[in-house]
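This briefing covers the structure shown below. The points after it are grouped by topic.

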Amino acid sequence: MPMTDLLKAEEIKKALDAFAAETFDPKKFFEMVGMKAMSAENVKKVFQVLDVDGSGFIEEEELKFVLKGFSQEGRDLTDAETKAFLHAADKDGDGKIGIDEFEAMVHE
Ligand SMILES: [Ca+2]
Ligand SMILES: [Ca+2]
């Protein structure tokens, strides 16, 4: 499913622009693209787009390219940003982000 079926393209663009030259802040980004107001069901759909290999988790290598899941224009995260994102979301410490951890990050 294309991300634009779930989110507005102009809000994605605005959020990507906001972090083009600034350190990526995942919570703020998810809020800016309109995910905070999203149902848990739709958050799960977004998660499934970002889980490129369908493993049921967003692993570090998928996390690095997470913005590409929102738009072709999205930049890669730096290693530091990827690590910070993982650290903030990975509550159980298994080194990857599960759906519950993802939803908590979006909605908390
Ligand atoms: Ca995966
Ligand atoms: Ca985890």
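In this predicted model, the largest nonpolar core holds 20 residues, of which Val33, Met35 and Leu63 touch the most other members. Two or more residues of this core come from each of helix 1 (9-18), helix 3 (40-50), helix 5 (66-70), helix 6 (79-89) and helix 7 (99-107).

**Overall fold**

- The protein has seven helices and zero strands, which read along the sequence as α-α-α-α-α-α-α.
- The radius of gyration is 12 Å, close to the 13 Å that the globule rule gives for 108 residues, so the protein is as compact as a globular protein of that length.
- The C-alpha trace spans about 35 × 30 × 25 Å along its principal axes.
- Buried residues make up 23% of the 108 residues.
- Counting contacts between residues at least 6 apart in sequence, 50% join residues at least 24 apart.

**Annotated regions**

- The UniProt annotation "domain: EF-hand", from an unreviewed entry, covers residues 38-73 and 77-108. Such an annotation may be inferred rather than shown by experiment.
- Residues 38-73 are 58% helix and 0% strand, with the end C-alpha atoms 23 Å apart.
- Residues 77-108 are 62% helix and 0% strand, with the end C-alpha atoms 22 Å apart.

- Leaving aside residues up to four places away in sequence, Leu63 touches Ile58, Leu77, Thr82, Phe85 and Leu86.
- Among these partners, Thr82, Phe85 and Leu86 fall within the residue range of helix 6 (79-89).

**Helix 3**

- Val43, Val46 and Phe47 are the buried residues of helix 3. They cover an arc of only 105° around the axis, which puts them on the same side of helix 3.
- These buried residues pack against helix 7.

- Lys68 has 16 other C-beta atoms within 10 Å, so it counts as partly exposed; a buried residue would need 20 or more, and an exposed one 12 or fewer.
- Lys68 and Leu50 are 18 residues apart along the chain, and their C-alpha atoms are separated by 8.7 Å.

Notes:
Residues are numbered from 1 along each chain as its sequence is written. Chains are lettered from A and ligands numbered from 1 in the order in which they are written. This is a predicted model: local features need pLDDT of at least 70, side-chain atom pairs count only at pLDDT 80 or more; totals for chains, interfaces and linings use all residues. A nonpolar core is a set of buried Ala, Val, Leu, Ile, Met, Phe, Trp, Tyr and Cys residues joined through C-beta atoms within 7 Å. Helices (H or I, at least four residues) and strands (E, at least two) are DSSP runs, numbered from the N terminus. Two residues are in contact if their C-beta atoms, placed from the backbone, lie within 7 Å. The radius of gyration is taken over C-alpha atoms; the globule rule is 2.2 Å times the number of residues to the power 0.38. The arc is that of the directions from the helix axis to the C-beta atoms.
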